[in-house]
Amino acid sequence: MVHASLRRLGPVEGGVSGVLDALDAAVGPDGTLLMTLGADDAEPFDAEHTPAQADVGYLAEAFRRRPGTRVSDHPEGRFGARGRRAEAVLADPPWNDYYGPGSPLDHAVRLGVRVLRLGADLNTVTLLHLAEYLVELPSKRRVRRSPRVRGPQGPEVRVVDCLDDEHGIVDLGGEDYFARLLGDYLAQGRARTGLVGRANSELIEGADLVSFGVRWMARHLDVSGPAGS
């Protein structure tokens with residue numbers, strides 16, 4: 001699963017296509033690449049044609065458009081995958097709680113996913129949303145959204161219920177706890193690190209990160225007691 005900043009990578013032969021070519025070559029014919037796509041604000045949502053959300057980066061949009069990439073049909077938890085296990089990763093995504101059990105994130109962890117971060121910001125680890133579903137807390141903030149999607153008879157509104165993956169599952173006064181969590185994880189030396197182009201980069205075992213994330217959230221996000229204060 002890839003998160004990348006093309007700006008921090010610096011000049012690459014072939015530009016964005018060169019980066020995607022290198023990723024394809026790195027995993028080989030038996031490997032699989034996964035990226036979070038989301039969807040831009042254009043409505044109604046169409047799985048095959050709606051561009052990726054702008055803040056996930058241009059690499060994700062180029063990945064979406066690349067021949068052979070498969071895309072999941074969800075206006076909120078939308079992913080792209082290519083390679084041998086693309087179908088298995090994207091299979092039967094839940095409509096509600098689209099980052100939780102049975103989601104592409106869950107499937108990816110069960111298949112041994114690793115997270116490759118190429119100069120990405122510390123708060124950029126979509127896989128940690130799965131930890132939000134797995135951690136046991138007294139309460140978690142939930143939201144209801146009503147996206148417009150393209151249905152069989154034309155545009156229609158569908159309701160989506162999920163944890164609050166935009167502002168956080170607990171109220172910490174606007175603090176971005178994903179960045180704190182990943183910083184603590186990396187400080188333990190549990191990732192392979194190095195330079196890719198000009199970008200400080202990490203390769204992380206997905207299951208290990210999710211397990212760490214669950215423990216970290218249980219300690220730091222329980223606002224009912226001293227550990228969350």
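Which residues form one aromatic cluster? In this predicted model, the cluster consists of F79, Y98 and Y99. The count of aromatic pairs comes to 4. Y98 and Y99 make up one of them, an edge-to-face pair. Their ring centres lie 4.8 Å apart, and the ring planes stand at 70° to each other. Y98 is buried, and Y99 is buried as well.

Another aromatic pair joins Y185 and F212. This pair is also edge-to-face. The distance is 5.2 Å from centre to centre, with 75° between the planes. The two residues come from distant parts of the chain. Y185 belongs to helix α7 and F212 to helix α8, and 27 residues separate them. Y185 and F212 are both buried.

Helix α7 covers residues 177–187, and helix α8 covers residues 206–220. Their axes come within 10 Å and cross at roughly 120°. An angle of 65 to 115 degrees would count as roughly perpendicular. The crossing of α7 past α8 is right-handed. On the α7 side, the contact is made by Y177, F178, R180, L181, L182, D184 and Y185. On the α8 side, D208, L209, F212, G213, W216, M217 and H220 take part. Y185 and F212, the residues of the aromatic pair, are thus among the contact residues of α7 and α8. Sorted by class, the contact of α7 with α8 holds 9 nonpolar residues, 2 polar residues and 3 charged residues.

Helix α2 spans residues 15–27, and helix α3 spans residues 58–65. The axes of α2 and α3 are 10 Å apart, and the packing angle is about 70°. Because angles of 65 to 115 degrees count as roughly perpendicular, α2 is roughly perpendicular to α3. From α2, the contact draws on V16, V19 and L20. From α3, it draws on Y58, L59, A62 and F63. The contact of α2 with α3 has 7 nonpolar residues, with no polar and no charged ones.

Attention then turned to D165. D165 sits in the loop between β9 (160–163) and α7. Leaving aside residues up to four places away in sequence, D165 touches Y98, Y99, H129 and R145. Y98 and Y99 belong to the aromatic cluster, along with F79. D165 and F79 are 86 residues apart in sequence. In space, their C-alpha atoms are 15 Å apart.

The backbone was considered last. Most residues other than glycine have a negative phi. D92 has a positive phi, near 50°. D97 likewise has a positive phi, near 50°. D92 lies in the loop between α4 (86–90) and α5 (104–110). D97 is also found in the loop between α4 and α5. How exposed is each residue, and why? D92 counts as exposed because its relative accessibility is 71%, and the cut-off for exposed is over 50%. D97 has a relative accessible area of 23%, so D97 is partly exposed.

Methods:
Residues numbered from 1 in each chain as written. Predicted model: local features only at pLDDT ≥ 70, side-chain atom pairs only at ≥ 80, totals over all residues. Heavy atoms only, no water. Axes fitted to C-alpha atoms, helices over the stretch in contact; angles between N-to-C directions. Helix = DSSP H or I, 4+ residues; strand = E, 2+ residues; numbered from the N terminus. Left-handed = near helix turned anticlockwise from the far one by under 90°. Contact = heavy atoms within 4.5 Å. Nonpolar A, V, L, I, M, F, W, Y, C, P; charged D, E, K, R; others polar. Parallel < 35°, antiparallel > 145°, perpendicular 65-115°, else oblique. Phe/Tyr/Trp six-rings, centres within 6.5 Å; stacked < 30°, edge-to-face > 60°. Buried < 20%, exposed > 50% of the residue type's maximum accessible area, 1.4 Å probe, protein only.
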